[in-house]
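This report describes the structure shown below, in plain terms and from computed values.

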Amino acid sequence: MNTGTPLGAWFLALLLTVSGGAVQAKTPPDQLLIGMNMNNLLTLDPAAMTGNDIVGIVVNLYDPLIELDPRALTNVRPALATSWEVNDARDLITFHLRDGVKFHSGNPVTADDVVWSMRRILHLNLAQASVWKSYGFTKKNVDEMVRTPSPGIVEIQLPKPNDPKLVIYSLAALGSVVALDSKTVKAHEVNGDWGNRWLTTNEAGSGPFRLDSWQAKDVLNMSRNPQYWRGEPRLTRVVFRHFQESQTLRLMIEKGDLDIANNMAVSDVTALSHDPAMTVDTVKKGTIYYVAMSMKEPHFANPKVREAVRYLIDYQGIGKALMTGYGIVHQRPIQVGMPATLPDPGYRLDIPRAKALLAEAGYPDGFDTTLRVLADQPFLNIAIAVQSTLMQAGIRAKIVTGTGNQIYGAMRERKFDMLVGRGGSGVEPHPHSSLRALVYNPDNNDAARLTNFQGWRTGFYDKQLNTDIDQALLERDPEKQKQDYFAIQERYDALIPALVPLSQMVDSIVVRKDVKNYLPHPSATTFLRDVYKDESQATTPSAGGKGL
Amino acid sequence: MTTQTQTWRSGIPAGRIGKRLVQVAVTLFGLLLLTFFIGRVMPVDPVLAIVGPDADHSTYQQVYHQLGFDKPLWTQFGIYLSGLAHGDFGNALLTGKPVTQDILRVFPATMELATLAIILGAGVGIPLGVLAAAKRNSVADYVVRIISLAGYSTPIFWVGMMGLLVFYAWLGWVGGAGRLDFSLDGQVTRHSGFMLIDALIAGNWEVFRNALNHLILPASLLGFHSLAYISRMTRSFMLAQLSQEFIITARVKGLSEWDVLWNHAFRNILVQLLTVVALAYGSLLEGAVLIETVFSWPGFGSYLTSSLMLGDMNAVMGCVLVVGMIFVVLNLLSDLLYQVFDPRTKV
């Protein structure tokens, strides 16, 4: 071959020497190799973890009390707890634990471990404490409220009235309330840190897999737990690999060097969806993409302006052109698919109507503002689309991009004008999960610092709405509760909120066809214990990439 | 007697070495001071990264306090320096491990990549530069200049992606992203952190071959990038030498062109080239970020970038110190070598 230069000839010769012309082997049949962006994996401590990616790992190292069925989310299945009941006063949930379960250390799993693990969340007061604090648990009361009256029994007393169903969903869906081997963790405690530093890079669970090693932003290895109480997992090893670049991830799965690719750019997912060797699993998540306005900013304190913005978003256009693979058009705060979710109100881009509303509000020529957005997709594209439609009615929004900290940090400080973001929990299949995160705002004072409520962050406050949300949560009659949630959505819509929902998140995961029983979980608690590979379904990896 | 004790065997005054060391210490201190204060005013909030965007205020405040951000900046800097004096770089947010441990893990990965890259870059770039100078304005010169231009102006990210597409995905000649095939991961015990060396120590030829197979493409692409710089500099140094009178004299004396080029001209540019190669190597160690990103190479550049994005200042400061040390040491070394090889600079 004539390469034209001595360099080319040298390079070619070296490549041939090193490679021997070898083609990559496909992944071993008893191992699962998952490629994903591991940027957000900062800790393995179940009480401190943030984001969905880490939940998918932690739930395979630990056992929760109960879990949600990935096929029917409201179906709560036993895990460490074989059964549970709620008292008549609806303030006490009692769990009966399974016998004979052992931690990876060989220690038995006891009710004391479960109670200690839950108390630990509140005492540590890290990322996973927020939901439990919103249910009334505190550092001071948790030791009394979560207890074990006799061996094998765990009691959770609710500190304030709540819907026990929601609490049960939280226990099953969050991935943080799992059994930690308290003896092992206590042995690694430093300066009263509840073992937090040690658990950042280690585990003390009883789950189907054990942690072998974790190098941040590189690789996480787990191997099967042969003593697992549900039976030994079929995979001997699961490897999570960090990929910063979606296109690299795509080449690797195309070549058969990976079994599953997560967090891939939509363009790459779309390209792979035509590959007969792969399937693309699309999972609806509870979080909502939105355009938020700060009501502390005088323009947006005016409901006419907020209403104008409502008509200055091309929901359908954004959904069709920008959100394929990222989300589906949705204009309600409660996630789609719940019995209590109202149909979309059908808002559309309507420039003349928006202009008229702006004129009524006293801004016939529009005004200048800023639009904050993450420098990632699809956020940036949504912001650009919104900017252009706002402009058509005279609202000149300057886009300010940044990292999560810069964008959401400003929102937490209530120092923003407009923002394109995503939020709303929705992890639990209960309307309150979304309303709590997006709408509820019990105290609108700056001093209240209710930074975990996006209602507070935007300064949107309606006393009646808060009362309605509280009451609906406590309603015992399911039909009446559903009607209450309908009324809340109607009222929220009529008040012209500061947060305009436009799309519900979906997640796309590419899986090679020989991988069986992989069911991506909407709550991110994807269980790997039953996954295996069917060699007969394996196809020869592509002879080459199809181009980028 | 006095003269002997005041100088090294090479003839460099000991006082000058001491002076340089003081300069190094001051430079590094300044670097740390600047990085620390820039880090603290950067609009990145590491607390939010730890607690997540949905955490409530009490959690945020607790972590803010735990990290010592409520203390005055000078106190924070003092605490950092005091830790540093005891060899403690602090813990990284990104990994939860001591920064020293992290750097010791990621640095060999980058060093392995950069070392092979500089061997390739200098090994090919220097002869090409000499060739271009010797055959000035010939086809060979133009070809070298085009290669150099291409290496300089082609975005390394794009070259990396195309390299993966062609040599990994289409031809299947090299391994994909990462330092090894997944199935071979963990097969050799980590001693040095250099995959090739560790495989040799373990006598595991499969891992050695596989590691080389993964290393060759990113190293060649990085090498291509430094080749562009090195060949251009070599060419210009050589041209300067070839126009000197002593070269004309050598030719008049009837020396062969080989002798003129290599024994007369090239020998005179060796010291300059040493500086060029040393600085190119330093740049590779510091900034193979894009290639590390494309190839999911768990190296220093990728670690530094992630730490910066997270506002993980302990990690950033540790990395800055290492990068500063690299450049200071390389500068110092090339400076000293200048003095060794070129007596005129001793004065």
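**Confidence**

The model is predicted. Chain A has a mean pLDDT of 91, and 93% of its residues reach 70 or more. One covers residues 20–25, for which the model has 19 contacts beyond four places in sequence. The other covers residues 542–548, with 23 contacts beyond four places in sequence. Where pLDDT is low, the predicted coordinates should not be read in detail.

**Chain B**

Chain B contains 15 helices and zero strands. Its C-alpha trace spans about 85 × 65 × 40 Å along the principal axes. Of the 347 residues in chain B, 53% are buried. Taking the contacts in chain B between residues at least 6 apart in sequence, 72% join residues at least 24 apart.

**The interface of chain B and chain A**

In the model, 67 residues of chain B are in contact with 68 residues of chain A. The area buried between chain B and chain A is about 5600 Å², and carbon and sulfur atoms give 59% of that area. Tyr168(B), Trp173(B) and Phe182(B) supply 14% of the area that chain B buries against chain A, more than any other three residues.

Polar contacts across the interface of chain B and chain A come to 19 residue pairs, with both residues at pLDDT 80 or more. The count of salt bridges between chain B and chain A is two. Asp54(B) forms a salt bridge with Arg457(A), with 3.9 Å between the closest N and O atoms.

Which elements give two or more residues to the side of chain B that touches chain A? They are α3 (46–51), α4 (57–66), α6 (99–134), α7 (139–153), α8 (156–170), α10 (205–242), α13 (289–294) and α14 (300–310) of chain B. With nine residues, α8(B) gives the most to this side. By residue class, the side of chain B that touches chain A divides into 40 nonpolar, 19 polar and eight charged residues.

**Salt bridges**

Over all chains, the count comes to 27 salt bridges.

| Salt bridge | N to O distance |
|---|---|
| Glu360(A) and Lys304(A) | 3.0 Å |
| Asp462(A) and Arg491(A) | 2.8 Å |
| Lys482(A) and Glu479(A) | 3.7 Å |

The salt bridge of Glu360(A) and Lys304(A) has an N to O distance of 3.0 Å. Glu360(A) lies in helix α14 (residues 351–360) of chain A and Lys304(A) in helix α12 (residues 303–310) of chain A, so this pair ties together parts that are 56 residues apart in sequence. Glu360(A) counts as exposed because its relative accessibility is 54%, while Lys304(A) is partly exposed at 33%.

Asp462(A) and Arg491(A) form a salt bridge at 2.8 Å. This pair also links distant parts of the chain, 29 residues apart: Asp462(A) is in the loop between α18 (454–458) and α19 (463–474) of chain A, and Arg491(A) is in helix α20 (residues 478–494) of chain A. Is Asp462(A) buried or exposed? Its relative accessible area is 14%, so Asp462(A) is buried. Arg491(A), with a relative accessible area of 30%, is partly exposed.

Lys482(A) and Glu479(A) have their closest N and O atoms 3.7 Å apart. Both residues are in helix α20 of chain A, and because they are three residues apart they are separated by about one helical turn. Lys482(A) is partly exposed at 25% relative accessibility, and Glu479(A) is partly exposed at 41%.

Chain A also has a network of salt bridges, which links Glu67(A), Asp69(A), Arg77(A), Arg230(A), Arg529(A) and Asp530(A).

**Asp45(A)**

Asp45(A) lies in the loop between β1 (31–36) and α2 (52–58) of chain A. Its relative accessibility is 0%, so Asp45(A) counts as buried. Beyond its neighbours within four places in sequence, Asp45(A) is in contact with Arg120(A), Leu124(A), Asn196(A), Leu199(A) and Thr200(A).

Note on methods. Residues numbered from 1 in each chain as written. Chains lettered and ligands numbered in written order. Predicted model: local features only at pLDDT ≥ 70, side-chain atom pairs only at ≥ 80, totals over all residues. Heavy atoms only, no water. pLDDT = per-residue confidence, 0-100. Contact = heavy atoms within 4.5 Å. Buried area = accessible area lost by both parts, 1.4 Å probe. Salt bridge = Lys/Arg side-chain N within 4 Å of Asp/Glu carboxyl O. Polar contact = N/O pair within 3.5 Å; in protein donor to acceptor, adjacent residues only side chain to side chain. Helix = DSSP H or I, 4+ residues; strand = E, 2+ residues; numbered from the N terminus. Nonpolar A, V, L, I, M, F, W, Y, C, P; charged D, E, K, R; others polar. Buried < 20%, exposed > 50% of the residue type's maximum accessible area, 1.4 Å probe, protein only.
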